[in-house]
Amino acid sequence: MPDIEGLLPITPLSLALLLVLAEGEQHGYALMKEVERLSEGRLRPGTGTLYAALQRMVEEGWVELSVERRPEEDARRRYYGITTFGRSVARAELARLGRLVELGERRLAPLGSRQGARA
Amino acid sequence: MTARVLAWLYGAALARLPAWFAAHHAEAMEESFTAGYAEAVRERGLLRAVWWALLDTGDVVRTARALRRAPSSSSESVEARGASVEDASPDVERGAFHIRGAPHAGGPAIGARSSYRERIMNAIAHDLRYALRRIGRNPGFAGLIIATLALGIGANTAIFSVIHSVLLRPLPYAEPDALVTVNHRYPSIDLDASVSAGGFRDYRDRTRSFSHVAVQSGWGANLTGYGDPVRITATRVSADWFAALGAQAMVGRTFRAEEDVPGNHHVVVLSHGLWQRQFGGDPAVLGQAISLNAEPFEIVGIMPPDFRGFFDRRSELWVPLALTETQFAAGRTSEFLTLTARLAPAVTLEQARTEMAALAETLKQETPDQYPSNWTLTVTTLNEVATGDLRPALLILLGAVGFVLLIACANVANLLLARAAGRMKEVAVRIAMGAKRWHLVRQLLVESTILSVAGGLLGTALAWAGVRALTTSFDPEDLLGRSLALDGPVLLFTGIVAVLTGVAFGIAPALQTSRTNVRDTLHEGGRSASTDRSGHVLRRAFVVAEFGLALTLLAGAGLFMKSFARVQGVDPGFRAERLLAMSIALPTAKYTNDTVRVAFFDRMLATLADVPGIQAVGTTSVLPFGGSWATGSFSVEGYMPAEGEPGPWGDLRIVSPGFAETMGIPLLRGRFFTEADGPGTTPVVVIDEVLARRYWPDEDPIGKRITRSNPQSPDAVWWEVIGVIGHTAHEGLDAEARVQYYFSYRQITLPFAALAIRTAGEPLGVVAAVRSAIQSVDPEQPIADVATMESLIDRSVGQRRLAMILLGIFAAIGLLLAATGIYGVMAQMVAQRAQEVGVRMAMGADRGDVLRMVMAQGARLAGIGVGIGVAGSLALTRVVQSQLFDVRATDPVTFLAVTAILAAVGLLATAIPALRATRLDPVEALRGE
């Protein structure tokens with residue numbers, strides 16, 4: 001297994017995609033909407049950006065193209081799913097962010113408690 | 001439709017993706033795009049969906065470019081920055097992704113450098129994208145700007161399409177620039193007359209300037225034998241006439257030289273319209289004979305659908321002129337032919353003019369007694385003839401729409417400046433981060449150009465609607481069968497106007513923005529006092545300019561309105577209400593002499609007098625406002641015109657005894673004609689008050705005599721004045737008054753007449769009864785040109801009305817834009833000076849003081865603008881004076897009125913922000929900083 005820590009940090013879009021796919025398989029346009037919702041509107045990938053990101057994540061082995069086809073839908077529609085490795089990467093990134101959050105909270109804490117921490 | 005265009009665009013963007021990427025994803029991307037667009041339409045409406053689709057397409061283009069670039073080592077951080085910093089600093093925008101790992105086969109080549117051209121294209125694409133995003137961020141603002149520009153550009157396009165159709169487009173004939181007409185010129189009375197038969201022969205045979213010389217004379221033909229008898233507007237033309245215009249028959253042929261001879265002239269060429277309407281478009285009519293004015297004519301040709309004669313636009317058939325030897329011998333004064341000539345190859349207009357002037361001198365030397373000493377021949381191009389009347393009015397309208405566009409530009413520039421002030425901080429940040437100022441200017445100009453092109457597109461739609469409305473206001477025959485159209489040259493004009501407009505209104509805000517003082521702006525939290533001030537000065541200058549331009553527009557519209565009211569106020573000299581007009585022409589082959597003609601008119605008048613609903617009826621050779629006129633010179637017994645003075649000359653009408661009473665023309669002295677005035681009694685004439693005043697200013701004209709013959713001749717017929725009646729307008733309410741004199745149709749008989757019928761009720765209600773009454777006298781006799789007198793008068797002022805309405809619309813647009821302009825500036829000023837107002841109020845100023853302060857500011861701007869506008873308008877009066885009737889272009893009442901209107905609108909627009917200022921809470925205002 002590759003060294004996950006060496007891949008970090010991953011981009012916000014990658015993380016968002018991994019988190020959306022962690023819920024279950026999704027197709028292109030649904031991913032765009034879910035990413036936007038998850039990021040509270042801060043990430044709004046276009047189709048070009050999205051598929052370029054998916055292409056990279058497939059290459060990295062974080063996500064994979066689903067073999068499943070749904071006959072009632074548009075034949076061109078593709079579903080993507082998260083791989084076990086993808087879940088590990090997302091978890092590692094969240095852990096990294098968690099540490100960062102912790103550090104940040106301490107540094108930005110009110111003056112008194114910060115002094116206390118130093119002492 | 002929209003969806004298909006967008007899908008096509010998206011497909012074009014997909015095509016730019018590297019092949020290996022497209023093979024994997026293109027279909028799925030297309031599907032996502034389609035799904036996204038459909039949902040956006042459903043949930044956010046068409047406009048926002050289109051916007052989304054365009055942004056998404058741009059995203060694919062950006063992706064494609066990035067995929068082609070070599071992956072950079074720091075790509076991961078680029079992506080991070082792109083996704084998070086982009087909103088804070090719009091300048092930083094890269095594709096929010098990267099390709100990691102080894103390049104694929106056929107993928108991006110490592111180390112490839114983009115070419116110069118590619119970099120330029122990238123820069124342009126970047127600017128476009130940036131501009132689109134900024135526009136999209138505030139669609140309401142963009143919409144306001146686009147609507148303003150659309151008004152300006154639309155008005156310009158509509159008027160330019162008229163100018164293009166009427167003034168610029170070549171006449172619809174072969175090599176139209178070589179077509180000219182020749183006139184007899186009488187400089188002393190400023191008259192360009194037609195030519196005589198003898199003259200025509202001289203100008204054709206004794207000159208070298210022309211390849212063709214042809215003449216024509218108006219004609220009316222009663223067509224019988226095909227359903228109801230109908231009167232057809234027709235023209236008699238010399239054999240070379242069609243060739244001179246470069247026209248050929250669509251079916252059959254035009255005339256041969258041997259047919260242009262009396263006796264051989266019973267051939268006819270039909271217009272396409274008449275052929276379709278009367279003969280069902282049947283080619284078999286060729287060679288058939290039809291009855292025109294009770295004589296048989298053989299149909300030899302049919303003209304193409306778009307052919308119109310130049311001087312006879314309404315003509316529907318043509319027959320040979322076949323001038324007789326008597327006509328050729330009649331001399332110079334028998335001026336009844338309109339001449340059309342084509343300059344010979346390589347002959348210039350100047351050469352032709354020189355030759356004709358020389359010929360005029362030769363003719364005068366040959367027979368000095370035939371010609372007035374300063375008589376000459378003029379050569380005028382048909383282009384000049386075609387545009388002469390409309391040119392000044394159209395150019396004034398073009399000027400007016402130009403002003404509208406300038407006001408629109410100033411307004412938009414103001415809106416952009418106002419926004420620029422709000423964006424100082426963003427710009428300062430970008431400059432601090434290393435953005436080049438030129439780069440900023442370029443981006444802002446791209447933005448303004450996109451807005452103006454959008455305005456141009458919308459404006460074109462407005463112009464299209466405007467042109468459709470204008471088309472109905474124009475007589476199609478005035479356009480020689482061509483239509484007003486938004487065609488290639490007009491659209492090119494619009495395109496150029498749109499781009500120039502974009503630069504014009506974009507440059508000031510762009511330069512203003514780029515001058516942002518970075519340190520001050522960042523220090524002062526986005527409100528740099530210095531730049532704010534200069535921006536404000538600029539905005540005020542624009543408001544002043546808008547008011548100046550608006551005043552000029554209003555003054556123009558006001559003058560045209562007053563002029564129109566004056567024209568409408570002119571008394572035509574008769575009562576126009578409940579007056580029906582029509583014309584009738586007797587075929588001379590059937591009504592061969594005066595006796596039978598008078599008998600017909602007598603019976604017709606008697607029959608008509610009994611028709612219920614008709615109160616009075618009269619006939620005249622030419623009817624006021626009927627579109628034709630007849631003038632003639634005469635001599636007054638005992639009166640010799642001074643040397644160089646033109647002799648007596650004026651409108652002559654040949655009328656029935658009931659004419660004056662029917663028309664309601666007042667009898668001032670003596671009597672009008674009676675049934676008793678006839679061939680056997682004293683020749684009598686009735687004159688109008690103008691003639692009476694001019695030649696017998698201090699005497700009673702009754703019993704005086706005039707003649708139309710040479711007064712020296714012993715055979716001269718002397719006509720005794722028996723009455724004086726009121727003067728009537730003839731060609732138009734605004735036309736120059738000529739003297740008028742009348743003869744009785746029993747003493748001079750013509751085979752045609754115009755009927756004036758006074759009705760008890762609605763004039764058009766009796767038409768059917770009139771037609772059947774006339775056909776009870778002669779079943780083959782048609783009537784033509786049926787119209788109410790009121791509609792004829794109305795038509796005569798149509799061009800003035802159209803110009804007035806258009807100027808009024810343009811002035812209203814200008815006023816509206818100027819009002820919104822001053823409102824915007826004052827509102828912004830109030831907002832920015834809230835703190836100052838707060839301080840003043842805290843220091844004890846009351847609401848009245850604040851109101852006065854703000855109002856004074858607005859009044860100053862409006863006042864300066866109005867002052868400049870008045871000065872400018874007064875300088876422009878020369879241009880409009882020729883188009884005004886009975887109004888001086890410096891008319892003080894008009895100027896005062898429009899100044900008052902503009903001032904009132906300006907104060908009203910200022911009052912809203914001023915009142916808002918008085919309601920400021922001083923505490924809030926002070927805390928706001």
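**View 1. Polar contacts across the A/B interface.** A polar contact here is a pair of N or O atoms within 3.5 Å, where, within protein, one must be able to donate a hydrogen and the other to accept it. In this predicted model, chain A and chain B share 13 residue pairs in polar contact, counting pairs with both residues at pLDDT 80 or more. On chain A, the side that touches chain B draws at least two residues from each of α1 (12-21), α2 (28-38) and α3 (47-60). The biggest giver is α3(A), with 9 residues. Sorted by class, that side of chain A comes out at 10 nonpolar, 9 polar and 9 charged residues.

**View 2. What gets buried between the chains.** Chain A and chain B bury about 2,500 Å² between them, and 53% of that sits on carbon and sulfur atoms. The contact itself takes in 28 residues from chain A and 30 residues from chain B.

**View 3. A salt bridge up close.** Zoom in on A:R77 and B:E31, whose side chains meet in a salt bridge at 2.7 Å, N to O.

View 4. Mean pLDDT for chain A is 84, with 89% of the residues scoring at least 70. Among the elements of chain A, α1(A) has the highest mean, 92, while helix α5 (residues 111-118) has the lowest, 50. Over residues 115-119 of chain A, pLDDT stays under 50, and the model has 0 contacts there beyond four places in sequence.

Definitions and conventions: Residues are numbered from 1 along each chain as its sequence is written. Chains are lettered from A and ligands numbered from 1 in the order in which they are written. Side-chain values use heavy atoms; hydrogens and water are left out. Contact means heavy atoms within 4.5 Å. Buried area is the accessible area (1.4 Å probe) that two parts lose on being put together, summed over both. A salt bridge is a side-chain nitrogen of Lys or Arg within 4 Å of a carboxyl oxygen of Asp or Glu. A polar contact is a pair of N or O atoms within 3.5 Å; within protein, one must be able to donate a hydrogen and the other to accept it, and residues adjacent in sequence count only if both atoms are side-chain atoms. Helices (H or I, at least four residues) and strands (E, at least two) are DSSP runs, numbered from the N terminus. Ala, Val, Leu, Ile, Met, Phe, Trp, Tyr, Cys and Pro count as nonpolar, Asp, Glu, Lys and Arg as charged, and the others, Gly among them, as polar. pLDDT is the predictor's confidence in each residue, from 0 to 100.
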